Amino acid sequence: MGKKLVMAQKRGETRALCLGVAMVVGAVITYYILGTTVLPLYQKSVWTQESTCHLIETNIRDQEELEGKRVPQYPCLWVNVSSVGRWAVLYHTEDTRDQNQQCSYIPSSLDNYQVARADVEKVRARFHEHQDFFCFSTTRENETSVLYRRLYGPQSLLFSLFWPTFLLTGGLLIIVMVKINQSLSILAAQR
């Protein structure tokens, strides 16, 4: 009976050690992936200065108003703001600025024109309700654009690192508990 119990304990300890090691390896792989994808985007982000923006003008541009320029066929919101003592164009995120520099906000649903137009109208109405809001600008002197929301800010970096840290901590705790259990069972067997 005692030998079967010891064998079952060893199998359980081996499985627990494998789980702990797998969790640690998974966390290390996740840290590597985040370090090569999210961290460079965070480091390259120049939108670090938080400031207060005041709404100057909003305009919904349709394709007809943008003739002669290669613009996708969707309504687009153009927002001018006053930030840090100068006029600037407000962009929703870094990606909005990269996708189309003629649009401050690009609707999420581009398949249906009416739904996209309603979405743009709703965002425009929110800007008119709250004419003073926080925005992010760069420290460059000649930059004439600001962001409403940073995609690659400290909050997103911390959120990305939370689960791998949780996985690493859990894996290390499992390994430590198994090793403590093994050492205590050796001490008990010696007495």
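**The core and its surroundings**

Tutor: Strand 1 and strand 2 pair in the antiparallel sense, with eight bridges between them; strands pair if DSSP finds at least two bridges between them. This is a predicted model, in which local features need pLDDT of at least 70 and side-chain atom pairs count only at pLDDT 80 or more, while totals for chains, interfaces and linings use all residues. Residues are numbered from 1 along each chain as its sequence is written, and side-chain values use heavy atoms, with hydrogens and water left out. Helices (H or I, at least four residues) and strands (E, at least two) are DSSP runs, numbered from the N terminus.

Seven of the eight residues of strand 2 are buried, so the strand is largely enclosed by the rest of the structure; buried means under 20% relative accessible area, exposed over 50%, and partly exposed in between, with a 1.4 Å probe and protein chains only.

We can now turn to the core itself. A nonpolar core is a set of buried Ala, Val, Leu, Ile, Met, Phe, Trp, Tyr and Cys residues joined through side-chain atoms within 4.5 Å. The largest one here has 15 residues, of which Leu77, Val79, Val81, Leu90, Phe127, Phe133 and Val146 touch the most other members. Two or more residues come to this core from each of strand 1 (49-61), strand 2 (76-83), strand 3 (86-91), helix 3 (113-129) and strand 4 (132-137). A second, separate core has six residues, among them Trp47, Val89, Tyr91 and Phe136.

Rings of Phe, Tyr and Trp (its six-membered ring) pair if their centres lie within 6.5 Å, and planes under 30 degrees apart count as stacked, over 60 as edge-to-face and the rest as tilted. The whole structure holds six aromatic pairs. In one of them, phenylalanine 127 and phenylalanine 133 have ring centres 5.4 Å apart and planes at 55°, so this pair is tilted. Both partners are buried, phenylalanine 127 with a relative accessible area of 9% and phenylalanine 133 with 10%. Together with Tyr148, Phe127 and Phe133 form one aromatic cluster. Not counting residues up to four places away in sequence, phenylalanine 133 touches Ser51, Thr52, Cys53, Val81, Leu90, Phe127 and Tyr148, where contact means heavy atoms within 4.5 Å.

Finally, consider serine 104, placed in the loop between helix 2 (94-99) and helix 3. Serine 104 is buried, with a relative accessible area of 2%. Its contacts, leaving aside neighbours within four places in sequence, include Leu77, Val79 and Leu90. Its C-alpha atom is separated by 5.9 Å from that of valine 79, 25 residues apart along the chain. A polar atom of the serine 104 side chain lies 2.8 Å from the backbone nitrogen of valine 79, and the side chain of serine 104 also reaches the backbone oxygen of leucine 90 at 2.6 Å.

Key: A polar contact is a pair of N or O atoms within 3.5 Å; within protein, one must be able to donate a hydrogen and the other to accept it, and residues adjacent in sequence count only if both atoms are side-chain atoms.
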